[in-house]
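Q: I would like to learn how to read contacts, helix packing and cavities from coordinates. Can we work through a case?

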Amino acid sequence: MAEKKIVGVKGMEDLFHPVEVRKWLKVERAARRVFAPAGFREIRTPILEDAALFERSVGETTEIVEKEMYTLLDRNEHKLAMRPEGTAPVVRAFVEHFTSHNVNEGRFLYMGPMFRYERPQKGRLRQFHQIGAEIFGSDHPLLDAEMILLIHQLFEDLGLEGVQLNLNSLGSKEDRKKYRQALAAFLDGVQEKLCDDCRRRIQRNPLRALDCKKPGCAEATKGAPLYSDHLSPESREHFAAVQAALAAHDVPFTLNPRLVRGLDYYEKTVFEFTSGELGAQNAVAGGGRYNDLVHELGGPAVPAIGFALGMERLLAILPAQAVAGDEAPRVYLVGLDAESDRLLFEQLKPLRESGATVELDFGGSSLKSKMRRADRWQADWVVIVGEDERKKGVAILRDMRGEGGQEEVPFSELFIRLGARFPTLHYLPR
Ligand code: HAM
């Protein structure tokens with residue numbers, strides 16, 4: 001009996017569609033183009049980390065750590081976690097390799113898979129990918145603005161439209177503590193209207209009740225105290241400076257006093273970029289300041305700010321036209337006998353070097369079956385050479401796009417035309 005077919009894991013996707021692959025590469029290239037000149041160095045941290053890293057940073061009472069983390073025991077009974085996000089690993093690496101050598105500044109860019117055991121739905125996966133950046137070394141409000149401006153520039157570079165920036169300040173650690181108390185007291189008063197989760201959150205993590213999506217909770221927390229009323233003068237000034245810098249650079253934003261984010265390490269500026277095209281999971285990117293985390297993870301007191309975007313969500317709103325024309329022309333070489341194959345084989349390297357995507361046909365024996373393969377391969381051009389053509393010193397150049405058509409071209413000239421002047425390929429006579 002045949003074994004049961006093994007299929008991919010729920011909530012984890014294969015990336016293979018050519019247009020999606022091209023979009024993916026385009027976004028990665030754009031991120032490097034925008035962040036490298038701003039002094040960001042790429043960093044790659046492992047997928048597996050000590051589970052305690054996320055418990056201590058993202059927070060033990062957050063959904064991510066409490067319900068969504070993929071954890072495992074290694075053969076030494078050591079508890080590891082597949083990273084649910086990229087900030088804590090970068091901070092860990094920064095403390096290990098930089099602050100330990102008295103380097104207390106740095107800018108890092110990262111890209112890679114993250115894992116959260118969430119209920120899969122549109123825009124929500126269990127393995128998803130982030131591009132993120134972190135800046136260590138200063139609490140200056142202009143850095144917050146710079147971070148946001150760079151994201152804005154990336155979206156502009158990609159031609160993304162309709163993405164909104166939501167902004168809030170959570171104040172300092174002290175402000176936060178006071179606000180938490182005020183909020184917990186308020187939630188206590190409306191307890192009976194809250195869902196079970198939120199009722200449990202009152203003591204553990206009252207902030208989460210503010211972005212509970214259940215209609216009853218949204219209604220009950222309408223009159224809840226706001227962060228903006230609990231900011232110290234210093235935090236208020238910091239936030240005002242961030243807003244002024246964004247306004248000066250014509251970056252539109254909406255103040256959203258209920259924006260609290262789902263990770264515990266934030267303070268002061270937090271932000272989210274959302275898109276109306278995305279449905280319920282509408283955040284394309286999010287981030288904020290975390291001035292205490294480096295210290296909490298064993299380093300010196302180095303303030304920091306960062307962000308991460310969700311690749312799959314970004315791709316979903318990046319129109320296919322964004323990558324139209326990005327692909328190299330595809331040229332398929334068809335020899336009709338061994339000698340023609342040999343002749344064409346010599347042309348693979350120079351043609352590829354000229355920028356085309358080129359394959360020589362190795363399957364099928366009849367011209368008909370070779371052409372079928374060329375079709376399936378989605379060739380733009382097919383070059384056919386057989387004994388007759390070799391004798392005449394020509395090749396047949398067949399245009400596979402649209403109406404098509406073919407012509408006989410002197411062999412030497414064909415490769416000069418196809419190879420040396422690739423941009424003119426589209427203008428070759430049909
Ligand atoms: P986050 O808001 O949890 O922040 O995730 C950032 C982005 O990752 C989200 O805006 C979303 O686009 C994407 N994302 C999150 N979860 C999923 C999922 N299950 N499926 C698909 N996409 C998802 C962070 O992770 C912080 N580390 C960002 C940061 C960096 N803050 C400071 N520095």
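A: Start with contact. Two residues are in contact when heavy atoms lie within 4.5 Å. One caution applies throughout: this is a predicted model.

Q: Which residues does tyrosine 70 touch, leaving out those up to four places away in sequence?
A: Tyrosine 70 touches Met12, Leu80, Ala81, Met82, Phe115, Arg116, Tyr117 and Arg126.

Q: Where does tyrosine 70 lie?
A: Tyrosine 70 lies in strand β3, which spans residues 70–73. Take leucine 80, one of its contacts. Tyrosine 70 and leucine 80 are 10 residues apart along the chain, and their C-alpha atoms are separated by 8.5 Å.

Q: Which residues make the contact between α2 and α4?
A: From α2 come Leu53, Phe54 and Ser57. From α4 come Ala88, Pro89 and Arg92. By class, that contact holds 4 nonpolar, 1 polar and 1 charged residues.

Q: What about α5 and α9: at what angle do they pack?
A: The angle between helix α5 (residues 141–157) and helix α9 (residues 233–248) is about 40°. Their axes lie 8 Å apart. Therefore α5 and α9 are oblique to each other.

Q: Is the crossing of α5 and α9 left-handed or right-handed?
A: The crossing of α5 and α9 is right-handed.

Q: Which residues of α5 and α9 meet?
A: The α5 side supplies Pro141, Leu142, Asp144, Ala145, Ile148 and Leu149. The α9 side supplies His238, Ala241, Val242, Ala245 and Leu246. The contact of α5 with α9 divides into 9 nonpolar, 1 polar and 1 charged residues.

Q: Last, cavities. How many of 30 Å³ or more does the structure hold?
A: A cavity is space where a probe fits but cannot get out. The structure holds 1 cavity of 30 Å³ or more. The largest cavity has about 40 Å³ of space.

Q: Which residues line the largest cavity?
A: The lining is Arg176, Asn205, Leu207, Arg208, Val260, Arg261, Gly262, Leu263 and Asp264. By class, these lining residues are 3 nonpolar, 2 polar and 4 charged.

Terms used. Residues are numbered from 1 along each chain as its sequence is written. This is a predicted model: local features need pLDDT of at least 70, side-chain atom pairs count only at pLDDT 80 or more; totals for chains, interfaces and linings use all residues. Side-chain values use heavy atoms; hydrogens and water are left out. Axes are lines fitted to C-alpha atoms, for helices over the stretch in contact, and angles run from 0 to 180 degrees between N-to-C directions. Helices (H or I, at least four residues) and strands (E, at least two) are DSSP runs, numbered from the N terminus. Angles under 35 degrees count as roughly parallel, over 145 as roughly antiparallel, 65 to 115 as roughly perpendicular and the rest as oblique. A crossing is left-handed if the near helix is turned anticlockwise from the far one by less than a right angle, and right-handed if clockwise. Ala, Val, Leu, Ile, Met, Phe, Trp, Tyr, Cys and Pro count as nonpolar, Asp, Glu, Lys and Arg as charged, and the others, Gly among them, as polar. On a 1 Å grid over the protein atoms alone, a cavity is a set of points where a 1.4 Å probe fits but cannot get out, and a pocket is an open set with protein on both sides within 12 Å along at least five of seven lines; lining residues have an atom within 4 Å of a point. Grid points are joined across faces, edges and corners, and a volume is the space filled by probe spheres set on the points.
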